[in-house]
Every structure is written in C-alpha cells, then in structure tokens.
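User: I have a model open and would like to go through parts of it with you. Could we start with how the helices pack?

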Amino acid sequence: MPQVPQTLDALAVRTWCGLALEALGRAREEIDAINVYPVADGDTGTNLYLTVESAAAAVEAVFAGYETVAEAGGDRPASDRPASDGTFTDSTFTDGYESAVVTGDEGAAAVSHDAAPLGAGTRRPTLADAVQAMAHGALIGARGNSGTILAQLLRGMAQVLATDSETAHTDGQGLRLALRRAADSARQAVAHPVEGTVLTVASAAADAATGAEGDCGVVARAAYEGARAALLATPGQLAVLERAGVVDAGGRGLVAVLAALVQTFTGEAPGALMVPAEAHARVHESVTHVTGVGDVDTDGCSAGRSDAHPDGCSDVCVDGAPEGSGPAFEVIYLLEAEDAAVARLRDRLDGFGDSLVVVGGDGLWNVHVHVDDAGAAVEAGIEAGRPYRIRITHFGLGDVHTGGTAGRPPRERAQRAVVAVVPGEGLAGLYTEAGATVVLARPGEPPASGELVEAVRRAHAREVVLLPNDADLRHTAAAAAEQARAEGVRAALIPTRSAVQGIAALAVHEPERRFDEDVVAMTSAAGATRYAEVAVAERQSWTMAGICQAGDVLGLIDGDVAVIGSDLTATAETVLDRMLAAGGEMVTLVVGDDAPDAVAAHLEARVRESYLAVDTVVYRGGRQGALLLIGVE
C-alpha cells in the first residue's frame, strides 16, 4: 500500500483536494440526477465539482509558487505574507482567482513567509498556506447553493487549521475541531437552515468525529460513517426527498468529499455509496410533483417564506400544491465589504427572496440568493461594498422553481455544435450569432475544464468541436473533450490560439459535412490565420523585442512580443505591416472597449491604401483584455 500522511500538513491538503475532485467527477451525474428541487435543473453535482476544482487549483498554485521561489532562490514579498491574525493583506487576494495563481517573477499568492523546509534548497507551503488557499479558491469559485455552502465548510476548517500553533492542529484532535467549526459556520451562513439537507449531514459528520479517538485516519472515517448514516436518513426528514425516492443531493456530495478525506489518510477509499435503485426511475417522475414556493432548498436553505415544520417540510411541501411561483432569478456575486455592511446586506436580501447564503469573511464574501428583482439584489451589493463576478441566471419557464410544466419531453439532440471560449462580450455575441455555444473568459479569469464540459452539455449535440482560442487553455479544453467523449459525445479539439483564429474556423464550419471533413476544414482555416494583439505593459520586463517599461504599448505576433512602442495607433500599424509583409487576403480587427475608435478607422485606411485586394472586417470585442486583436488570413 502506498505511503499515506499520518498528520495534517500541506501535502495532505493537496492530496485531499485532488481525491475529492476525482470523487465528485465520478459522482457528478448521480448527484445531478437526484437534484430535483427547488430548481429541477440537476446541477448540484456540477456545482460541487466546479467549486472543488477552484479550491484544488488554488492549492496547486501555492505549491507552484514555492517551486518558483525556490528555483529563483528568493522569498515572498512582505506584502504577500499573512498578517498576525492569519489573514492576508489586500495585495494577496484583491481580485479573485487570478490573484491566486503564479504571476511572473512574484511567485504565487497565498504563500506565507514561514515555509516548511523540504530539503536543501527546496521549500514547501505550510499547512496554513494550503488550507487558506483551499478555502479562498472554494470561496471565489463557488457555484450555486451547494458550492457556496461547501466553500463555507472549507473556510470553517481553515479557521482552525491555520492558527499559529500549527502542531496542535495536525493530529486527530485538530481534525475533530476543524470539522466541528466547519459544520457550525456553514449553518450560520444559511439564512434559514433546514434539517434533512447538507447541513444535517455536516453536523452528523462533526458529531461522529467528536466521539472518535485516534489519528486523522480514524477521525476521518468516523466523520464519513456519521455523514453516510445521516445522508441515508434524509428522506425521512424531508417529505419531498421521500416522494422522489432520493437522498439529499448536497449531502451526497459532502459524503463524497469526506470519502476522499478517508482515502487521504488511510490509502483506501470507502465502499461506493449508491443511490437506491428506485431513485433514478423516480427522479424524472418526481419533477412534476416537486414545485417551488414552499419547497425546501436541497442545499440547506428554506425556499419558502413560511416557517418550516419540525420535520423540515413546509405546508406547501407536504401537500405538493404550491400557491404561487418561486423567484425567477439566481444572483451570485463576490463582494468586497466590511462585516457590518454584510450584516445589513443579509437582512435586506432576506426580504427580497429565498435560498440566501452569504459566506466568507476578512473583507471578501460570496453572495447567493434567488430573487424576482435581480437588479435590486445587485444594487444592494453595491451599497454594501464592491460586487464583482456577477452572475445572473434566469430560471426558464419550464423550471419547477417557477411553476412551469416540467413534464414536457426533452429536446432533440443537435447533430453538431461548436463550443468556443471567447474573451469579451462583443465576441461572445458574434460567436453566438454564428451558432456557437460560448464560454466567456473575462480578463484574468480563465475558465476551468468543468465550465467547458457544461457548455458541451448545453450545446446538446452528438458531435462537438471545441475552440479554446487561447494557447494556455489547450490542456483545459483537452480535458473537457475527454470528459465529453466519456459521456458519449464525439468531440474534436482544434487548438486555436486566438479568437481571430476561432472566427476563421467558424466561418468555414458546415454542419452538413462529415464530421472529419468539417474538423479538417476548420483546422486548416485556423492554421492559415496569423494572429496578433496590441496591449499595454503592466510592468518592466524582458521581451523578444527588448526591455519594455510599464505603460509601453506592446505588439505581440503569434504570441511573442515583436514591437514595443509608445503610441497605440503607430504600434498597431507596425504590427499590421509586418503581418501583411508575408501576404494576406483578409484582415480581421477586434477592437476592445478601451481602444480609441480612431484606431480601427486608421488601420482600415492603411490596408485600403497600401494593400490591394485585401479586405478588412471590424468587430467590437467588449472587455476582452487586449486593446486590439488582429487576424490575417
């Protein structure tokens, strides 16, 4: 049996995150299938997976940062060290996930100054580094009620494990305390806790761990067994679950995460926990009976405004006959705000709708609520602080939550679809008009593989072509393609490195052609398109074209800096001339919101006057990161 950690340390946290991600990946479809209310969109398993994926990525970034620092023989800047209270300074996690990855020569955020020595010349993160990164990654990547509550569970554990006296919290006793804090903090984060949900499962895990004596493996197994027993009892606590013949979906996901914790410390995974055989047969039938206004949220939130019964089910939930419809929108955003402002925000949002969960602390929060007035929910966040990464989802007319008809037959699969990652809202609209399913990648926020997989599922096609439109996303897209194939979808990845290459590929896409022929044609069109971008340097750096200073205008051709200038228009013209020196028939310009309108007009005139028989097309890219994208076919 391979060697496994006997105490909690950074490597144990890293292993747990990886195993939890694998476990949720295997159980995702099962968990999605039993997620029948309050919105019958079957996404709890997916939301949990994406949340843990973000947590795992943040932990990996910490380890990568130490490797980078060790290779350079340096140390962390003082501004990125944790404060005496265990929190991080503003420069560490100022703008979400992008700040938790390795950035240039500065290493990775969330890496503390006091690193544990691994050997001569090598350093590794401390337990505090790892758990704080895990909790932060989960917080900023949390999806839905389930992911938001899981993020708070991980944060509760981190609050115990990241204290100064690390030795006292690396054994079974430390794990017991962490699980207790996790369950308590998650319950406090939910506006209207209900039994028979993930909150019940978390409390049962903490209770069972409290009575366990031994090392981390013994405590983890006790927590798992307690959670498993509580999960199997959830149908008896919620009539909605009992009618559907399923256990709580969020609780099922937590059991998978705890099973990964057992495997981390023992090297052996607990036996598979299967949903009762009748559950899958009854899930779709139950959707027509489980409706919105008085139902209890599967992830621990009361979805009705009426008080819950002691058995966890409201009056409407008992008789299955709702008097009205639930809120029409799900609103989620990250929020930078003070504790007092967040307390006022909780009270205000609680009056707007239901399924309210607010998690986080130390100035950064994740807010989740279901409301009818999405604008009011966002405005409340603006009054409290600075909301960003705002996601608003409209529950469709057919959703159970809004009282629509859920018994209609599923829509037919399309034969072929294109899924593309695009860097701005303008390009997203262009790609959508061309028939593609779009994943929006905002500056500094690369999508995870799970988001691409979800886009493939939304496309609902037998065959899918993936366009990552970024060299750094090739492996992410490859993982998504592999997952799609595992789900029975024929998938092909075209390694486009820029959105302009994706435009060229999409222009020759013909769904009526044989799949292989279509992929070849799209690949050829993308490969025949040279790409460039014009951006502003953020710091001094060595480049292929020499040393640039902060504020210089950079012209990158095929991914490498080729021109350094001081004027945007002049630099863009030089880049375009170099690209057309080798010939070309079509120039594509994608102009970002921060670029002057005159740039596109100047470049169009340049092509018209100096390059005969070369056509130019201009698109507005929106907030795409680069000031200008250029493609030459």
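This is a predicted model: local features need pLDDT of at least 70, side-chain atom pairs count only at pLDDT 80 or more; totals for chains, interfaces and linings use all residues.

User: Is the crossing of helix 6 and helix 7 left-handed or right-handed?

Analyst: The crossing of these two helices is right-handed.

User: And which residues in helix 6 and helix 7 meet?

Analyst: Helix 6 contributes Thr200, Val201, Ala204, Ala205, Ala208 and Ala209. They meet Val219, Ala222, Ala223, Gly226, Ala227, Ala230, Leu231, Thr234 and Gln237 of helix 7. Sorted by class, this contact has eleven nonpolar residues, four polar ones and no charged residues.

User: Now the core. Which residues in the largest nonpolar core touch the most other members?

Analyst: Trp16, Met134 and Leu175 do, in a core of 90 residues. Helix 1 (residues 10-33) gives the most to this core, namely twelve residues.

User: What is Leu175 in contact with, leaving aside neighbours within four places in sequence?

Analyst: Leu175 is in contact with Leu8, Met157, Cys216, Val219, Ala220, Leu261 and Phe265.

User: Changing topic, where does Gly361 lie?

Analyst: Gly361 lies in strand 4, which spans residues 353-361.

User: Why does Gly361 count as buried?

Analyst: Gly361 counts as buried because its relative accessibility is 9%, and the cut-off for buried is under 20%.

User: How far apart are the C-alpha atoms of Gly361 and Glu336?

Analyst: Their C-alpha atoms are separated by 9.2 Å, with Gly361 and Glu336 lying 25 residues apart along the chain.

Methods. Residues are numbered from 1 along each chain as its sequence is written. Side-chain values use heavy atoms; hydrogens and water are left out. Helices (H or I, at least four residues) and strands (E, at least two) are DSSP runs, numbered from the N terminus. Buried means under 20% relative accessible area, exposed over 50%, partly exposed in between (1.4 Å probe, protein chains only). A crossing is left-handed if the near helix is turned anticlockwise from the far one by less than a right angle, and right-handed if clockwise. Contact means heavy atoms within 4.5 Å. Ala, Val, Leu, Ile, Met, Phe, Trp, Tyr, Cys and Pro count as nonpolar, Asp, Glu, Lys and Arg as charged, and the others, Gly among them, as polar. A nonpolar core is a set of buried Ala, Val, Leu, Ile, Met, Phe, Trp, Tyr and Cys residues joined through side-chain atoms within 4.5 Å.
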